[in-house]
Amino acid sequence: MEAGTAPAGKITARTRSERRLGWLLCAPAVIAMLLVTAYPIGYAIVLSLQEVDLRFPEEGGWAGLSNYESVLTSGLWWQDLFNTLFITVISVAIELALGMIIALVMYRAIFGRGLVRTAVLIPYGIVTVVAAFSWFYAFSPDTGFVNNLPLIADDKAWFGERFSSFAVIIMAEVWKTTPFMALLLLAGLTTIDDGLYEAAKVDGASAWQRFWRITLPLMKPAILVALLFRTLDAFRIFDTIFIMTRGAQDTESVSILGFNQLISRLNLGLGSAVSVLIFICVLIIAFLFVRGLGVRMAEGRPGT
Amino acid sequence: MERGSREYALWSIGLLLVLLFALIPVLWIISLSLKTPATITEGTSFWDRFIPQDVTFDNYTTLFEGGLDDSPFIAPLINSILIALITTVIAIVLAAFAAYAIARLDFPGKALILAGALAIAMFPAISTVGPLFDMWRALGLYDTYPGLIIPYLTFSLPLAIYTLVAFFREIPWDLEYAAAVDGATPFQAFRKVIVPLAAPGVFTAAILVFIFAWNDFLFAISLTSSDASRTVPAALAFFTGESQFTQPTGNIAAAAVIVTVPIIIFVLFFQRRIVAGLTAGAVKG
């Protein structure tokens with residue numbers, strides 16, 4: 001607005017009232033967003049520096065960094081961090097490849113584009129816990145159908161071993177979140193000028209060359225933003241693992257570790273140290289994406 | 001594209017694969033919910049397993065047996081519906097105010113609010129679970145509706161604000177000027193001109209917030225302890241069989257179908273809007 005560019009000190013009444021209204025309208029949402037993020041994370045840091053175990057309320061007091069020392073010197077934290085990163089990297093990589101294929105299929109649809117769009121929205125709408133149960137019962141040897149498929153041993157105990165459990169967990173995650181990836185990539189695809197493809201075709205570029213030389217470079221910003229959001233979302237994995245294994249067979253994620261310490265064992269001090277460390281991991285991942293890969297955050301938007 | 005051509009056939013196969021990929025877990029959980037306890041572990045071939053041999057609706061009826069007091073499902077279902085609805089209404093009101101200001105008004109700090117909302121969308125929920133558990137117990141919010149609604153608001157507002165800002169930016173400016181010329185205050189311009197034009201965007205944002213609240217599991221199992229506020233996803237994790245010898249598989253499947261099918265119908269019905277909402281502003285054209 002022109003009024004907004006008036007020189008400082010000469011703010012008109014109209015500008016002032018507009019600013020006041022702007023802040024007034026945003027205040028409730030801003031307060032609601034800070035209430036359960038900024039304050040609790042501060043409180044988590046305070047808790048993590050104390051000995052707080054709700055099973056032994058009379059004990060306690062200042063603990064310094066000893067909670068962090070306990071977490072960082074335990075094999076469990078590093079194992080769970082490995083598990084979480086393993087699941088995150090593999091599932092996001094598959095989602096990107098599959099999401100790109102589905103996006104291209106939707107973009108170049110000969111017929112049934114609406115049908116595909118409808119189909120991919122189903123996983124998005126389903127409760128994660130429900131999807132986890134469905135896949136769990138499908139792979140479980142006594143109730144499932146997967147072991148009756150060709151090429152799969154009838155008595156394969158998927159949840160009896162670490163990496164076969166990961167395979168099912170990753171599959172469920174990929175199923176649930178690929179649609180969102182595909183929709184974001186499709187939105188990126190539609191912004192590419194068709195004329196570029198026509199020109200490349202005239203110059204004799206193959207479909208493969210057109211994809212690598214035109215589609216991918218032009219979609220890079222959209223892909224990086226989608227990757228950042230999916231990576232951070234996958235890093236929080238909790239529901240699927242909780243339903244399928246509850247962390248058995250060494251399949252625990254860092255979120256499950258935090259939950260076990262905080263809610264199951266009521267050890268708020270130790271659990272808060274895990275929480276703060278998870279928060280730091282998320283900051284590091286976001287920093288690496290923004291600085292290392294040059295993600296332009298302004299192009300992003302919140303997802304699920 | 002002619003029927004019978006190679007490209008046509010390939011495309012048909014691709015379409016079929018995508019459909020199967022999306023639908024199999026849904027068809028499977030429906031099939032499980034219709035099986036009798038005796039047949040749930042039977043079958044030696046894929047089709048015997050995938051298609052119920054002995055159809056029953058017992059898994060559904062037993063969910064509702066005993067009324068509100070004894071049924072393991074009725075109370076959580078009511079909680080889920082009310083908590084998701086209340087969250088949606090509050091989130092949309094707060095987000096609509098903020099999005100209107102961001103899309104239409106000029107004030108310092110706008111970029112900061114958008115950046116902050118984006119940061120909150122990336123915030124790991126588990127990091128707030130411990131402090132909230134402790135704070136809610138001290139404040140008497142543990143195992144209550146507000147105890148869940150407050151964190152749901154926080155984490156759904158970024159999504160709602162971004163969706164609404166994208167929609168609001170599409171609304172023609174001129175109409176607001178016209179209202180101002182006719183003597184309307186900024187608030188009247190908002191209420192009488194923008195709200196009717198923004199209704200489709202508001203509706204889309206509402207669907208997305210509802211799905212978010214309906215889906216949550218982590219807060220639901222961490223901040224509730226009884227049927228007073230436990231929602232369906234959390235209740236499913238605590239389902240037990242009727243006796244120690246029976247598995248709750250059939251009941252879990254039936255409950256899962258009940259909370260899934262309405263959402264699927266909803267999503268299919270409003271698919272265009274949801275796609276528009278999910279991708280609005282995702283990429284700057």
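1. Two residues are in contact here if their C-beta atoms, placed from the backbone, lie within 7 Å. Please keep in mind that this is a predicted model, in which local features need pLDDT of at least 70, side-chain atom pairs count only at pLDDT 80 or more, and totals for chains, interfaces and linings use all residues. Residues are numbered from 1 along each chain as its sequence is written, while chains are lettered from A and ligands numbered from 1 in the order in which they are written.

2. On confidence, the predictor gives the complex an ipTM of 0.88 and a pTM of 0.88. Chain B has a mean pLDDT of 84, with 94% of its residues at 70 or more; pLDDT is the predictor's confidence in each residue, from 0 to 100.

3. Chain B is built from 14 helices and 0 strands. Helices (H or I, at least four residues) and strands (E, at least two) are DSSP runs, numbered from the N terminus. The C-alpha trace of chain B spans about 75 × 70 × 30 Å along its principal axes. Of its 285 residues, 47% count as buried; a residue is buried if 20 or more other C-beta atoms lie within 10 Å of its own, exposed if 12 or fewer, and partly exposed in between, with C-beta atoms placed from the backbone.

4. How is chain B divided into domains? Its assignment gives domain 1 (6–56) and domain 2 (66–279), and such bounds come from an automatic or database domain assignment. Their contact takes 8 residues from domain 1 of chain B and 8 residues from domain 2 of chain B. On the domain 1 side, those residues are 6 nonpolar, 1 polar and 1 charged. For these classes, Ala, Val, Leu, Ile, Met, Phe, Trp, Tyr, Cys and Pro count as nonpolar, Asp, Glu, Lys and Arg as charged, and the others, Gly among them, as polar. Taken over C-alpha atoms, the centres of the two domains are separated by 32 Å.

5. The contact between the chains takes 85 residues from chain A and 87 residues from chain B. Helix α1 (residues 13–35) of chain A gives the most to chain A's side, with 13 residues. By class, the side of chain A that touches chain B holds 59 nonpolar, 18 polar and 8 charged residues.

6. A kink of about 45° lies at Leu23(B), shortly before the proline Pro25(B). The bend at a residue is the angle between axes fitted to the seven residues ending there and the seven starting there. Buried residues of α1(B) include Val18(B), Ala22(B), Pro25(B) and Trp28(B).

7. In α13(B), a kink of about 25° lies at Thr260(B), shortly before the proline Pro262(B).

8. What surrounds Leu63(B), leaving aside its neighbours within four places in sequence? It is in contact with Ser71(B), Phe73(B), Asn251(B), Ala254(B) and Ala255(B). Leu63(B) sits in helix α3 (residues 58–64) of chain B and is buried because 21 other C-beta atoms lie within 10 Å.

9. Asn83(A), in helix α4 (residues 75–107) of chain A, is buried, with 24 other C-beta atoms within 10 Å. Asn83(A) and Asp250(A) are 167 residues apart in sequence, yet 8.3 Å apart in space, C-alpha to C-alpha. Beyond its neighbours within four places in sequence, Asn83(A) is in contact with Thr251(A), Glu252(A) and Ser253(A).

10. Finally, two backbone angles to check. Most residues other than glycine have a negative phi. Leu266(A) has a positive phi, near 55°, and lies in the loop between α11 (254–264) and α12 (268–292) of chain A. Asp143(B) also has a positive phi, near 60°, in the loop between α7 (126–139) and α8 (145–170) of chain B. Leu266(A) counts as partly exposed, with 17 C-beta neighbours inside 10 Å; Asp143(B) is partly exposed, with 17 other C-beta atoms within 10 Å.
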